[in-house]
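Please read the numbered points with the model in view.

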Amino acid sequence: MNKKITIGGIGSVLLGDDGVGPYVVALLEAAYRFAGNVTVADLGTPGLDLVAHLSGIDALILIDSVANGATPGTVTLYRKEDILRHGPAPVRMDPHSPALSESLLIAELAGEGPKDILLIGITGERYEVGAELTDAARQAAGVAVAQVLSEIGRLGASYSEMRSGLRSESFSTWWRPLAGETPTQIPSR
Amino acid sequence: MSTRITIDPITRIEGHLRIDVEVENYAVSNAWASCTMWRGIETILRGRDPRDAWMFTQRFCGVCTTVHAMASVRAVEDALKLPVPANAQYIRNLILIAHALHDHIVHFYQLSALDWVDILQIPKADPAAASKLAESLSPWTRNSRNELKAAQDKVKAVAASGQLGIFQNGYWGHPAMRLSPEVNLLAFSHYVQALEYQRKALQVVGMLGSKTPHIQNLVVGGVANAIDLDNQSALGIDKLEQIRLLLAEVARFIREVYVVDVCAVAAMYPEWFKIGSGVTNYLAVPDLPLDSNAAAYDLPGGVILQGNLGAVQPFKTASDPVFRESVTEDVTHAYYQGEQPLHPWKGETEPQFTDWNGDRKYSWVKSPRYKGQPMQVGPLAQVLIGYAQGHALTKKYADLALGQVSAIARVNATPALLHSTLGRHAARAIRAAMLAELADKHLQLLIDNIAKGDLSVHNQPVFPFGEVEGVGTHEAPRGTLSHWIVIKGGKIKNYQAVVPSTWNASPRDEKGAHGPYEASLLHTPLARPEEPLEVLRTVHSFDPCMACACHTFDPSGTQIARVKVL
């Protein structure tokens with residue numbers, strides 16, 4: 001039986017490099033066709049509604065921006081144990097706080113979580129209000145696409161290329177900024 | 001001599017809701033609610049096409065996606081005085097209902113039940129006794145001894161592994177936890193089952209909206225769903241029947257599990273009907289329009305001031321002139337520039353960040369006011385406003401819930417008890433039961449309308465040359481949401497979203513009046529100030545959501561929270 005696989009982009013497309021996950025998903029959707037057992041989804045900035053997308057699947061590939069102190073544009077791979085190492089937040093105030101690790105723990109508790117997890121993390125540079133990615137994030141998006149495809153291959157699923165030569169540096173999406181728009185600056189703390 | 005406690009979950013790079021309380025003699029003597037994240041996301045909309053705005057606003061918040069999409073198209077339609085075909089109203093209503101049912105279930109079970117349920121008591125429970133107790137409360141078929149034993153085994157396995165995982169950070173064994181092991185087990189077993197039913201509700205959102213979490217089927221003037229009763233790929237009989245079955249399963253869970261659990265937990269913590277009232281001014285807008293011109297609604301709206309249900313002031317429409325004229329936002333204690341309260345159409349979002357200073361500026365949330373008054377919004381506001389107007393469906397489920405509490409606790413539970421922390425939970429369950437019943441009604445309205453031969457889903461928007469203003473409202477899971485738009489020459493000139501959590505989490509205003517979270521915390525008793533479970537109970541009862549956004553994953557484990565006692 002074919003493994004059920006979800007490829008999900010996480011992040012806000014309105015907050016600079018936080019939108020790199022959905023951007024990678026848009027690239028994948030524009031350039032590739034995946035077999036029926038593979039779901040490609042822009043998951044936005046979910047809270048526990050993420051559990052619904054994690055339940056009943058065998059493998060999960062997530063693309064998200066990460067704050068790991070590396071040079072902007074660095075792509076780092078994390079597996080399940082890296083994500084779950086720190087557990088849920090000690091105090092939860094609103095439905096966003098739990099997000100990824102808590103959603104995974106809840107899916108595990110219900111016995112419905114994916115066995116295989118790969119999180120492709122892209123170190124962001126700017127997170128101010130604005131729909132534009134930095135060059136570093138755009139370039140890293142191309143690397144992330146290659147990582148997704150390699151993981152899909154490792155999991156034994158198939159895909160075909162619909163549009164060749166699509167370059168992450170020049171690909172645009174519905175949320176791209178108007179010509180000449182500059183991201184609004186958050187005042188420094 | 002007072003102690004200051006700060007609860008500040010630092011979960012993502014931008015942070016969220018922060019609560020500060022002063023504690024004197026084991027009770028809260030002062031409180032501050034602040035949002036630690038800049039809320040200026042509306043500025044991204046200026047200069048864009050109003051027809052695209054909903055795609056962007058849907059990204060304001062990843063939990064409340066659909067609600068911001070809906071308020072946005074309604075704002076543009078209001079500005080253009082553009083009616084929406086009846087089919088589109090029903091499809092939108094069904095999406096809003098399904099999303100709300102998902103949200104309410106997740107809120108009670110996954111986000112707040114563990115404030116009341118002590119996981120570590122579960123291994124001591126007798127599954128047979130728990131099953132017997134459950135049967136006395138509800139006809140739900142999944143309360144068998146075996147089902148409960150399986151739930152208990154899950155908890156035992158987690159405890160035996162030494163890794164508490166999802167449970168590692170609860171205030172287990174806290175003196176304010178008081179349920180019997182059997183009730184703890186029952187609630188936990190429903191915590192696991194709830195995951196299935198919230199998913200079914202989301203499935204409905206996906207079937208009608210074509211995707212979750214971001215629906216794709218909206219357009220200004222209606223929806224983009226193709227209706228064809230005989231075509232399997234369009235919205236036809238097969239899909240509508242599937243939606244009916246899913247909604248029926250969710251409705252059953254709500255009636256037989258969610259409402260029952262809330263009443264049972266409430267009956268065992270009756271003192272929490274006297275804690276957490278705070279601001280008793282309530283605001284709700286009418287929602288679930290019943291026809292193309294939105295002349296009638298299934299959910300009533302209005303205003304209650306100072307808890308006086310007898311003097312309820314109803315709103316006739318979702319953009320009632322009184323509502324339109326009465327909303328302002330003050331920034332005296334928020335990190336923005338500005339001298340006096342401004343109407344949202346004139347609203348400005350110019351940041352002026354200073355350090356946290358409880359006497360001056362301390363939050364990124366503005367202070368919205370209705371005729372200058374702080375207002376509580378949310379299911380409680382909606383239920384009280386409906387009840388006060390004698391709204392039949394509201395009365396039906398409110399009286400049912402109060403009756404259940406009365407029977408279990410052997411008290412006479414009246415609507416007056418609802419001005420409280422538990423009242424907010426009870427009202428959310430009441431609202432869920434109302435919506436579950438309305439889901440079936442609106443599905444039938446849609447089918448009947450299509451059967452009449454009306455396949456229309458969309459009216460074409462036309463933009464006037466000059467400047468127009470509009471407000472789009474929605475009674476969202478967390479309360480009154482309003483999007484305020486100014487359109488000039490077919491482009492967005494100004495856009496402000498006044499979200500439910502802005503009303504509830506608002507800081508003090510220019511007159512020093514507390515916002516609803518702040519006011520609700522005053523006088524709350526704390527058994528152990530260093531473990532402020534009681535503060536979380538009240539804050540969680542509002543279902544806070546800080547129009548949030550950034551979701552950068554932090555692998556270093558800095559998902560720390562500070563509970564700082566000074």
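The points below take up confidence, then strands and sheets, then helices.

1. Basis of the note. This is a predicted model, in which local features need pLDDT of at least 70 and side-chain atom pairs count only at pLDDT 80 or more, while totals for chains, interfaces and linings use all residues. Residues are numbered from 1 along each chain as its sequence is written, and chains are lettered from A and ligands numbered from 1 in the order in which they are written.

2. Confidence in chain A. The pLDDT, which is the predictor's confidence in each residue on a scale from 0 to 100, averages 85 for chain A. In that chain, 86% of the residues score at least 70. Residues 180-189 of chain A stay under 50 in pLDDT. For this stretch the model has 16 contacts beyond four places in sequence, a contact being two residues whose C-beta atoms, placed from the backbone, lie within 7 Å.

3. Strand 1 of chain A. Helices (H or I, at least four residues) and strands (E, at least two) are DSSP runs, numbered from the N terminus. Six of the six residues of strand 1 (residues 5-10) of chain A are buried, so this strand is largely enclosed by the rest of the structure. A residue is buried if 20 or more other C-beta atoms lie within 10 Å of its own, exposed if 12 or fewer, and partly exposed in between, with C-beta atoms placed from the backbone. In a regular strand the side chains alternate between the two faces of the sheet. Both faces of strand 1 of chain A are covered, with I5(A), I7(A) and G9(A) on one side and T6(A), G8(A) and I10(A) on the other.

4. Partners of strand 1 of chain A. Two strands pair if DSSP finds at least two bridges between them. Strand 1 of chain A runs parallel to strand 4 (residues 59-66) of chain A, joined by five bridges; T6(A) has L60(A) as its bridge partner there. With strand 3 (residues 38-44) of chain A, strand 1 of chain A pairs in the parallel sense over six bridges, and I5(A) stands opposite V38(A).

5. Sheet 13-14-15 of chain B. Three strands form this open sheet, in the order 13-14-15, with antiparallel pairing. Strand 13 (467-476) and strand 15 (491-498) of chain B each have a single partner strand, so one side of each is left without a neighbour in the sheet. The twist averages 15° from one strand to the next, where axes are lines fitted to C-alpha atoms, for helices over the stretch in contact, and angles run from 0 to 180 degrees between N-to-C directions. Seven bridges pair strand 14 (residues 479-488) of chain B with strand 15 of chain B, among them the one between V486(B) and N494(B). Helix 2 (residues 65-80) of chain B packs on the sheet and touches strand 13, strand 14 and strand 15 of chain B; its direction makes about 145° with that of strand 13 of chain B.

6. Sheet 6-9-10 of chain B. Here too three strands form an open sheet, in the order 6-9-10, and the pairing is antiparallel. Strand 6 (282-284) and strand 10 (313-315) of chain B are the edge strands, each pairing on one side only. Three bridges join strand 6 of chain B to strand 9 (residues 301-304) of chain B, and L283(B) has V303(B) as its bridge partner. Helix 9 (residues 379-388) of chain B packs on the sheet, touching strand 6 and strand 9 of chain B, and its direction makes about 90° with that of strand 6 of chain B.

7. Strand 9 of chain B. Both of its faces are covered: G301(B) and V303(B) on one side and G302(B) and I304(B) on the other are all buried. Strand 9 and strand 10 of chain B pair over three bridges, with F315(B) as the bridge partner of G301(B).

8. Helix 14 of chain B. Eight of the nine residues of helix 14 (residues 533-541) of chain B are buried, so this helix is largely enclosed by the rest of the structure. The buried residues include L536(B), V539(B) and H540(B). D543(B), which follows the helix, has a positive phi, near 60°.
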